[in-house]
Amino acid sequence: MKNIVVLISGNGSNLQALINACNDGRIRGHISAVFSNKANAYGLERAAQDGIPAHCLDPKSYADRDAFDLALMQEIDGYQPDLVVLAGYMRILSPRFVQHYQGRMLNIHPSLLPKYPGLHTHQQALNNGDEEHGTSVHFVTDELDGGPVVLQAKVPIFEHDSEDEIIERVQVQEHSIYPLVVSWFIDGRLKAKDDAAWLDGVRLPAQGYAPD
């Protein structure tokens, strides 16, 4: 069974969706460890409750980002991961880290990429009067939130919506599409090559998989 390592920084709701999907067989893989850069991240408790090794590495204990990422790489590699999954991991990764896991690291970002990379995506959508928002699963590259998109999910923005209402609507979709994309990778259907995502041997368009 293939090994998955998950990186988090906070509540871990997407981690929980992945745990549930592994437990009920929708993902035919095993979450072998969870790592966080924050000791108080609730996602660590979620992992521990399911018997998954949960670790925290404090960035303040290392000289710089490169030193921290090198230590994290060494810890992760101890679990021999087939896939590294970023689930609300709020640190910019060093080029060395990204290169080390090239083609086997996924992230989920709360916008319809390439729109709104970075932070505060929900508020940006509100401020700009967008009628729709969403979330994107993509392969990780050196470009911030710029790797090949695998799958997106859209949600409407209604008049008088609050940021919290949009966040909740987006998270419902995240909890559905992230386990699906992870299962594609674990089953060998999804690959990254030629600066694109490929599903079942077909190169996906820029916005990712678009079902008929």
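**Annotated site residues and overall fold**

At 10% relative accessibility, asparagine 107 counts as buried (under 20% relative accessible area; exposed is over 50% and partly exposed in between, with a 1.4 Å probe and protein chains only). The model is predicted, so local features need pLDDT of at least 70 and side-chain atom pairs pLDDT 80 or more, whereas totals for chains, interfaces and linings use all residues. Residues are numbered from 1 along each chain as its sequence is written, and side-chain values use heavy atoms, without hydrogens and water.

Asparagine 107 belongs to strand β5, residues 105-109 (strands are DSSP E runs of at least two residues, helices are H or I runs of at least four, both numbered from the N terminus). Leaving aside residues up to four places away in sequence, asparagine 107 touches Leu86, Ser136, Val137, His138, Val140, Asp145 and Tyr178 (contact: heavy atoms within 4.5 Å).

Arginine 65 lies in helix α3, residues 65-77, and is partly exposed, at a relative accessible area of 34%. With the exclusion of residues up to four places away in sequence, arginine 65 touches Arg91, Ile92, Leu93, Ser94 and Pro95.

An unreviewed UniProt entry annotates Arg65, Met90, Arg91, Ile92, Leu93 and Asn107 as "binding site"; positions follow the numbering used here, feature names are shortened, and annotations may be inferred rather than shown by experiment.

The protein comprises six helices and 10 strands. Buried residues make up 48% of its 212 residues. Of the contacts between residues at least 6 apart in sequence, 62% join residues at least 24 apart. The C-alpha trace spans about 45 × 40 × 35 Å along its principal axes.
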